[in-house]
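This report describes how two parts of one protein meet. Please look over the sequence and the structure first.

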Amino acid sequence: MTHYATVICGGGPAGVSAVVAAAVQGRLEEFLDRGVLLVEATGRAGSGSIPHYGIRANSLGSAFLECLDGPAGSGLLAGLADSAEARELRGWADEYPPLPVVGAFLTLVGERVVDALRRHPRCDALLGHRVVEVRTGPERATVLLSGPDGELSHTGDRVLLTMGGRERTELAPDALAALVERRPGLRVLSSGEVITDPSWHPDAASPHRALGSIAVLGGAHSAWAVAAHLARLARAGWFAGPVEVTVVERRLPPIFYFSAAEARAEGYRWDEADVCGPSGRVHRFGGLRGPARELARQVMGLAAEKAPDGFGQVVLDGPWTAEALEAAVGDADLVITALGYDARLPRLLGADGRELELARPRGAVDTGRDGLPGLAAGGRAERLVMYGLGAGLVPSEETGGEPGYRGRLDGVWVYQHDIGAVILRALLANDRTEDGR
Ligand SMILES: Cc1cc2nc3c(=O)[nH]c(=O)nc-3n(C[C@H](O)[C@H](O)[C@H](O)COP(=O)(O)OP(=O)(O)OC[C@H]3O[C@@H](n4cnc5c(N)ncnc54)[C@H](O)[C@@H]3O)c2cc1C
C-alpha cells in the first residue's frame with residue numbers, strides 16, 4: 001500500500017484534466033511532487049466516453065485545444081500541437097467537431113499524463129484497474145482496487161472521483177413504466193443508446209428507418225443533441241417516409257448567444273439573470289450550442305433556415321405523470337429519454353465502515369462551488385473531491401456564468417471554464433502527508 005496526496009479514480013477527460021489544469025497553471029511539478037495516483041478501468045486514459053458518441057461536440061474545436069497554450073503546451077503537452085490528431089481538431093477550431101475527433105486528441109493528452117505520472121518517483125498510473133471502494137477517514141482515505149493481479153489498496157489525502165456518469169432513464173414516480181403499460185408496444189431507448197449505436201449512423205441499413213413518430217423526453221443539451229442527430233438523418237432522406245420528432249420539455253430551451261445584442265436581433269427573449277456579467281454572453285453555461293442550438297432556433301422560428309418538416313416541441317410544465325406524457329408523446333412509436341446524468345460512484349464508506357450516502361438534491365450529487373460532495377446527513381464528505389459527468393460544479397464568481405443558471409458545469413468544460421483552478425485548490429487543500437512530504 002502506497003500513500004499519495006491525490007488518488008484520481010477514473011481517467012476520462014475530467015480525471016486527466018486535473019493534471020492538465022496543474023500544468024496549465026504552471027503548478028505541475030508542485031502537484032506531482034506531492035504524489036498522484038491515477039486509476040483507470042480501461043487500458044486508455046484521456047478520452048473516457050467521448051469517442052463512443054456518434055454526434056458533434058457542443059464546444060468549438062478551439063476549446064479543447066486551449067490546453068496547449070501557455071506552460072502546458074511547452075511542458076506536459078509539448079509537441080502535441082503538431083500531432084495529426086491536433087491538426088485534425090484545429091480544422092474544426094471554429095466549428096463543432098465530431099466527438100470521435102475530440103476523443104482522438106484527448107487520448108493523446110491522456111498518454112502524456114500517464115507517461116508523466118509513471119516517470120515521477122512519487123506518482124503512478126494504473127490502467128486496467130477498477131476502483132471498487134473508497135473508505136474515507138479523518139486522516140486519509142483508502143481506495144480499494146481490483147486489477148489483473150487481484151485486489152490492492154492505496155491511500156490518499158484526497159480522492160478525486162471522476163468515474164463519469166450514469167444516464168437517468170426513469171421519471172419519478174415510475175411515470176415512464178406506467179406510460180409503457182398504457183401503450184404496449186411503445187419502445188423506449190435512452191439518448192446514450194441512440195448516439196452510441198451504429199444502427200443510427202447515416203450509412204446504416206436499419207429498421208429505425210421505418211419509424212414514423214419519435215418523442216424525445218427532456219429539454220437540455222442531450223435531448224436537443226439527439227433531436228439534431230435525427231434532423232440530420234431526416235434531411236439526408238434516411239427515414240423511409242415522413243417522420244415526426246417532438247421534444248417534450250418542461251420549459252422552452254435556453255439558447256446561447258455571444259451577446260445580448262445578438263439575441264435581441266434574432267427576437268430571442270431572455271432576462272437579466274440569463275446574462276453572464278463578466279462576458280456579457282447570454283446563457284453562457286446553460287444555453288444550447290452547436291447542432292442542438294441550430295435545431296432549437298429553427299424550431300422556435302429564430303433562424304432563417306427552417307427545421308425539417310415534422311420537427312417540433314411540446315412544453316409540459318405540469319407534473320410529468322403517465323397521463324400527461326401519453327398526451328404529449330401522441331402516437332410516437334419510440335420514446336428517447338434524455339433525462340440527464342448522475343455520477344458513477346464506487347462503494348463509499350465512512351470512517352466507521354458504514355455506507356456513506358451523498359446528498360442528491362434535484363436527483364444528482366451536489367458538489368457545491370468547490371468540488372466537495374455534500375452528505376445526505378449534512379456537511380461535506382471528508383477527503384472526497386468530485387467533478388465530471390453527473391457531478392459538475394455549481395458556478396461561482398470565479399467561474400462566471402449567468403446568475404440564473406441552476407445546472408452544473410461538468411466534464412470537458414474544465415478546458416473552457418477555468419474549473420481546473422477550483423479543482424486544483426480543493427486537491428491541494430491538505431498539502432502535507434503524515435510523513436511530512
Ligand atoms: C452525448 C454527450 C455529448 C457531449 N458533448 C460534449 C461536448 O461537446 N463538450 C463538452 O465539453 N462535453 C461534452 N459532453 C460531456 C462529456 O461527455 C463529458 O464532459 C465527458 O465525457 C465527461 O468526462 P468524465 O471524465 O466526467 O466521464 P467519462 O468520459 O465517462 O470518463 C470516466 C472514466 O472513468 C473510468 N471509470 C469508470 N468507472 C471506473 C472505475 N470503477 N474505476 C476506474 N475507472 C473507472 C471510465 O473508464 C472512463 O475512462 C457530452 C456528454 C454527452 C453524454
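Two residue pairs, both at pLDDT 80 or more, are in polar contact between domain 1 and domain 2. The model is a predicted one. No salt bridges are counted between domain 1 and domain 2. On the side of domain 1 that touches domain 2, the residues divide into four nonpolar, four polar and one charged.

The two domains come from the domain assignment of the protein, which builds each of them from two stretches of sequence. Domain 1 takes residues 3-166 + 341-428, and domain 2 takes residues 169-253 + 288-337. Their C-alpha centres lie 31 Å apart. Nine residues from domain 1 and nine residues from domain 2 make up the contact.

| Item | Domain 1 and domain 2 |
|---|---|
| Distance between C-alpha centres | 31 Å |
| Area buried | about 920 Å² |
| Share of buried area from carbon and sulfur atoms | 65% |

The side chain of S59 makes a polar contact with the side chain of N58, at 3.4 Å. S59 sits in the loop between β2 (36-40) and α3 (61-65). Is S59 buried or exposed? S59 counts as buried because its relative accessible area is 3%, under the 20% cut-off.

Technical notes
Residues are numbered from 1 along each chain as its sequence is written. This is a predicted model: local features need pLDDT of at least 70, side-chain atom pairs count only at pLDDT 80 or more; totals for chains, interfaces and linings use all residues. Side-chain values use heavy atoms; hydrogens and water are left out. Domain bounds come from an automatic or database domain assignment. Contact means heavy atoms within 4.5 Å. Buried area is the accessible area (1.4 Å probe) that two parts lose on being put together, summed over both. A salt bridge is a side-chain nitrogen of Lys or Arg within 4 Å of a carboxyl oxygen of Asp or Glu. A polar contact is a pair of N or O atoms within 3.5 Å; within protein, one must be able to donate a hydrogen and the other to accept it, and residues adjacent in sequence count only if both atoms are side-chain atoms. Ala, Val, Leu, Ile, Met, Phe, Trp, Tyr, Cys and Pro count as nonpolar, Asp, Glu, Lys and Arg as charged, and the others, Gly among them, as polar. Helices (H or I, at least four residues) and strands (E, at least two) are DSSP runs, numbered from the N terminus. Buried means under 20% relative accessible area, exposed over 50%, partly exposed in between (1.4 Å probe, protein chains only).
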